[in-house]
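Open the model in your viewer and show it as a cartoon. The stops below each say what to select and what is there.

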Amino acid sequence: MAELVTVTIAASAFAASQPSASTLAGVWALLIVTVVAEAFPVPLENVPVGGTSLATIFIVGTSVIYGWSAAVIVAFVAQVVVEIARRRDLPRVAYNSGVYALGAAATSVAGVLADRDGFGWLALETLIAAMAFYAVDLLLVALVVSRYAREPFGKLLAQATSSTLIPFSVMASLSLMLAVLWERSPFLSAALVGPVVAIALYQRSVHRELRAMRLALTDPLTGLGNHRHFYEQLEREALAAGSAHPLSICLLDVDDFKQINDLYGHPVGDQALVQIADRLRQDGEAFRIGGDEFALLLPGRTAREAMEIAEGVISRVAPIAQMSAGVVSYPDHGVERSELVRVADSALYLAKEHGKNRVRVYRPDLLELAELRRLAEGP
């Protein structure tokens, strides 16, 4: 409802200003460019909606050049056109268009500087308008994503802000360039095509590279870090570990997982692994390092804390399957950094030897016993 009132007021204000033919042509031109920019969003990491739109440049630019009422019309109509072209449902069209309209309306706070002369005042007006649009857009998008995804609003807002602040700053500067060029001649604003396209292409390239890197370090079934990622993170954390900053690792293995696959089939087994991974994410950084083997990196955790975490994991996983765990901590246990995985694996072996579905924390005497048993069993 608020967005419809805003658009109605903006349309009335724009009509009351009795725009000239050149103004109408300029607004139409900016509307067309805004539609094109909105149709091709730029992908960004850690943003609730997956990316950002370069349409912000032209909406803020419209506000500075022709006033907030024209900006509301451009923002609302452009979003409606793009959302309908994407065949979105009506509630989504209404909400997304309303967000843009309200963001554009917020740029009116910069209107008090509109009649001042000089580049400095123009730059300040553009900055205030851009900040107002950005704040409203970010808040409303994070709010609706938080509601439907059931994720903390503050966390989503912080992630989106950190990921979009630099791109937003670049877009604000391009809005200023648009206003300066448009003031001299609207045709000069075509010079912005090159920078805008370059930014879009560069960001897409960076996003593809980051996605490829993430896939190389991610287990495709569970979404956890894979074997390679685990050892890379372990190396980093081990170098930073010390008496003031302990490092614990926990290796976990599903007990009798082969029986689950044999009795119920591999699809059921895979689903069990996915559910187990979801429960592992609650503590430390989780990895899937083998078929039914998982690991937790617990920087800053002592051996006792790591044991409590491992017991909590086994308890949470119990409705799905039984697990055994082995825990070791550096420097608590006096083990070399390079030996942490081997020692934790031996502790895990003893947990299975002593009845499964339990946690074993490293002890030198237990380690020697485990090694002797392994040698006796042979390969």
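The expected span of a helix is 1.5 Å times one less than its number of residues. Keep that rule for the second stop. The model is predicted.

**Stop 1: colour by confidence.** The protein chain has a mean pLDDT of 82, and 87% of its residues reach 70 or more. Select residues 364-377: this is helix H14, which has the lowest mean pLDDT among the elements, 58. Residues 68-85 form helix H4, where the mean is the highest, 92. Where pLDDT is low, the predicted coordinates should not be read in detail.

**Stop 2: select residues 303-317.** This is helix H12, with 15 residues. From first C-alpha to last, H12 reaches 21 Å, close to the expected 21 Å. Which residues of H12 are buried? They are Ala303, Ala306, Ile309, Ala310, Val313, Ile314 and Val317. Looking down the axis of H12, you find these buried residues within an arc of 140 degrees, so they line one face of the helix. An α-helix has 3.6 residues a turn, so residues three or four places apart point the same way. Now turn to the face away from the buried side of H12, where Arg304 and Ser315 are exposed.

**Stop 3: show what covers H12.** The cover over its buried residues includes helix H11 (266-280) and the strands E3 (247-254), E5 (293-299), E6 (323-330) and E7 (359-361).

**Stop 4: select Tyr95.** This residue lies in helix H5, residues 90-106. Tyr95 is partly exposed, at 31% relative accessible area. Leaving aside residues up to four places away in sequence, Tyr95 touches Leu140, Val141 and Val144.

Key
Residues are numbered from 1 along each chain as its sequence is written. This is a predicted model: local features need pLDDT of at least 70, side-chain atom pairs count only at pLDDT 80 or more; totals for chains, interfaces and linings use all residues. Side-chain values use heavy atoms; hydrogens and water are left out. Helices (H or I, at least four residues) and strands (E, at least two) are DSSP runs, numbered from the N terminus. Buried means under 20% relative accessible area, exposed over 50%, partly exposed in between (1.4 Å probe, protein chains only). The arc is that of the directions from the helix axis to the C-beta atoms. Contact means heavy atoms within 4.5 Å. pLDDT is the predictor's confidence in each residue, from 0 to 100.
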